[in-house]
Structure formats: C-alpha cells, structure tokens
Amino acid sequence: MSEIDFKNKVAIVTGAGNGLGRSHALALAERGAKVVVNDLGGARDGSGGSISAAQEVVNHINASGGEAIADGANVTNEAEVAAMVKAAMDKWGRIDILVNNAGILRDKSFHKMTLDDFRAVIDVHLVGSAICTHTVWPIMREQTYGRIILTSSPSGLHGIFGQVNYGAAKAGMIGMMNALHLEGAKYNIKANVLSPSAKTRMTEDLGIPEAILDQMTPEAITAAMLYLVSEDAPSRAIVSCAAGGYSRAYIVETDGVYLPPEKQTPEEIAKKWDEISSTEHVHYYENSSGPNMNFMTKAKDYAIGK
C-alpha cells in the first residue's frame with residue numbers, strides 16, 4: 001500500500017494549539033499539507049485567549065520545512081471564521097481538509113449545571129463545527145473535493161456522569177456527519193467522525209491511572225484522523241480510538257416487531273419488550289428511510305397474511 005500523503009492539499013485544524021489538534025496539525029504538515037493552525041488560546045472552559053499556542057505550532061512546522069499560518073478565530077464567531085477561511089484561500093487558493101477539533105469543558109452534574117454552561121459547550125463543539133463546515137462547504141463543492149472530520153467522544157456515543165452538555169454536543173456530531181455524507185457524496189466531499197480518548201489537558205483530571213494514560217497518546221488518535229482525511233478515505237465512519245486501539249462504531253436498530261392497530265398499546269409494547277430489544281437481528285441503514293421501510297414491510301406482510 002502506498003504511503004498516504006497530503007502534498008498540494010490545504011488543511012484547517014481548529015483547536016490546534018495543544019493536545020489532539022496540535023498533533024493533527026503537525027502530522028498533516030509532516031505529510032505535505034499546508035496547514036491553518038487555528039486556536040483561540042483560551043482555558044479549558046473557553047475563557048481568555050491568545051495566539052501564542054497556535055503560533056508556536058506554526059513556528060515548529062515552518063522550521064521543519066512545512067507551510068503553516070496561525071489563526072486565533074473563535075469558531076463560534078461567523079465573521080472570524082470567514083476571515084480565517086479567506087486568509088487560507090488568499091494564500092493557497094483552496095481548502096481540502098477541515099478537522100473540527102476545537103472544544104471546551106464545563107463539567108458538572110446536570111442538577112448543578114447552568115444553562116449558560118450547557119449552551120457554551122454546545123456552541124463551541126457543535127455550532128462551532130457547523131460554522132466552520134458551512135464556511136468551507138461552498139469551496140469544497142466548487143473544487144469537487146473535501147474531507148471533513150467531526151470530533152465526537154465516548155461521552156457522546158455512550159455517556160458519562162457529569163457531561164450532559166459535552167455528551168449532547170458530541171452525539172450531535174453523528175447526526176451532522178450522516179447528513180453531510182449524503183449531501184457531499186455528489187461532490188466528492190467525505191465526512192467522518194473521530195471518537196477519541198487521549199492524554200490531553202481535557203482529560204488530565206478524569207482519574208485515569210497514569211500507566212494507562214501514558215499509552216493514550218494524541219499521536220495514536222492522529223493516525224486514524226490521517227486515514228479519514230486521505231484521498232481514499234471512507235465516508236460516514238465513526239472511528240473509536242484510544243491507546244493504539246481502533247474500532248468502528250455503528251448506529252443500528254433491532255429488527256423489531258409489528259403490532260396491528262388493536263394491539264398498539266403500551267401494555268402490548270411491555271409484553272413484547274424483550275423481542276423488540278433483541279439484538280439477534282440488527283440493521284444498519286444508509287439513510288432515515290431505512291427503518292420506515294422495515295416497519296412498512298412488516299405492516300404489509302401482516303396485511304397480506306391476515
């Protein structure tokens with residue numbers, strides 16, 4: 001298999017001043033991409049801001065013979081994101097890759113969480129990803145090429161105590177990816193989701209044993225990212241990764257049951273709950289019409305056999 005490279009490709013990586021984003025930006029540059037290193041430079045909760053972290057990454061890339069520019073846009077600010085995209089277009093004339101990685105944490109149990117804390121996390125992770133993607137989307141359509149990464153989390157796929165805001169934002173990435181995949185297919189725009197766990201400032205105080213944490217390198221996650229933004233990348237994949245382990249996550253539905261009108265009651269659902277929940281036969285659907293067709297087929301078969 002030939003080595004994956006990104007020569008003549010232009011990438012934007014948000015939240016690239018530290019942790020996963022820094023690793024992503026450095027690896028893309030090392031493999032030939034020209035990189036916009038975006039980072040607001042704030043604290044984990046989103047407060048403050050400085051271009052210094054992004055500039056340090058840019059200095060490292062440029063000193064190593066690569067090409068990069070620093071950008072301090074707040075991903076929730078449409079005007080600032082538009083200016084970032086314009087700067088990339090003015091300098092390099094195209095944008096091939098967008099890695100939506102910027103994020104903040106405001107962890108509290110739900111009964112202690114303010115709605116401001118909920119909105120802030122949703123705004124940065126989910127709305128910020130939408131703003132960045134929406135801004136590069138016309139460019140990618142016009143050039144009939146684009147690779148988009150949305151960064152989810154096991155918190156979004158499976159849940160975790162104290163992260164209702166974060167989990168909701170990260171789960172939203174999956175629905176966003178599914179639609180982007182369908183709308184982008186005609187234009188060779190591929191959208192995928194990373195669901196990583198790594199040793200970064202976002203995870204440093206989660207109580208993970210140090211011996212395990214030391215194996216959870218950002219570089220292990222970056223390997224998956226590089227594949228998912230490559231020329232021959234899949235689309236609509238959710239890749240779960242940590243400490244050198246990689247798997248693909250799916251949203252599936254059980255085969256379910258059909259209940260005729262006279263039995264469409266909560267009592268009948270309770271009676272059939274084990275059958276409804278059985279994972280013996282599951283379906284992976286390409287779009288939202290899939291489950292509807294499954295249920296309508298069951299209803300039709302019942303009518304024919306009645």
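The model is predicted, so local features need pLDDT of at least 70 and side-chain atom pairs count only at pLDDT 80 or more, while totals for chains, interfaces and linings use all residues. Residues are numbered from 1 along each chain as its sequence is written, and side-chain values use heavy atoms, with hydrogens and water left out. The chain has eleven helices and ten strands; helices (H or I, at least four residues) and strands (E, at least two) are DSSP runs, numbered from the N terminus.

**Overall build**

- The radius of gyration of the chain is 22 Å, close to the 19 Å that the globule rule gives for 306 residues, so the chain is as compact as a globular protein of that length. The radius is taken over C-alpha atoms, and the globule rule is 2.2 Å times the number of residues to the power 0.38.
- The C-alpha trace spans about 75 × 45 × 40 Å along its principal axes.
- Of the 306 residues, 45% count as buried. Buried means under 20% relative accessible area, exposed means over 50%, and partly exposed lies in between (1.4 Å probe, protein chains only).
- Contacts (heavy atoms within 4.5 Å) between residues at least 6 apart in sequence join residues at least 24 apart in 71% of cases.
- The accessible surface of the chain comes to about 15,400 Å², and 54% of this belongs to carbon and sulfur atoms. Accessible areas come from the Shrake-Rupley method with a 1.4 Å probe; for residues, only the protein chains shown count as cover.
- The chain carries 28 positive and 35 negative charges, whose mean positions are 3 Å apart. Lys and Arg count as positive and Asp and Glu as negative, with His and the chain ends not counted. Each charge is placed at NZ of Lys, CZ of Arg, CG of Asp or CD of Glu.

**Salt bridges**

- Side chains of opposite charge can pair when their charged atoms come close. A salt bridge here is a side-chain nitrogen of Lys or Arg within 4 Å of a carboxyl oxygen of Asp or Glu, and the count comes to eleven.
- Lys9 and Glu231 form one of these salt bridges, at 3.6 Å from N to O. Lys9 lies in the segment before β1 (10–13) and Glu231 in the loop between α8 (218–228) and β7 (238–242), so the pair ties together parts that are 222 residues apart in sequence. Lys9 is buried at 15% relative accessibility, whereas Glu231 is partly exposed at 45%.
- Asp116 and Arg119 form another salt bridge, at 3.9 Å from N to O. Both residues lie in helix α4 (residues 115–143), three residues apart, which is about one turn of the helix. Asp116 is exposed, with a relative accessible area of 55%, and Arg119 is partly exposed, with 48%.
- Lys298 pairs with Asp255 in a salt bridge whose closest N and O atoms are 3.3 Å apart. Lys298 lies in helix α11 (residues 289–305) and Asp255 in the loop between β9 (253–254) and α9 (266–271), so the pair ties together parts that are 43 residues apart in sequence. Lys298 counts as buried at 17% relative accessibility, and Asp255 is partly exposed at 25%.

- Not counting residues up to four places away in sequence, Lys9 touches Ala33, Lys34, Asp96, Tyr145 and Glu231.
- Leu157 lies in helix α5 (residues 154–157) and is partly exposed, with a relative accessible area of 23%.
- Leaving aside neighbours within four places in sequence, Leu157 is in contact with Ser152, Ile174, Ser195, Ile238 and Ala249.
- The C-alpha atoms of Leu157 and Ala168 are separated by 9.4 Å, the two residues being eleven apart along the chain.

**Positive phi angles**

- Most residues other than glycine have a negative phi.
- Asn8 has a positive phi, near 70°, and is not a glycine. Asn8 is found in the segment before β1 and is exposed, with a relative accessible area of 62%.
- Arg236, also not a glycine, has a positive phi of about 65°. Arg236 sits in the loop between α8 and β7 and is buried, with a relative accessible area of 11%.
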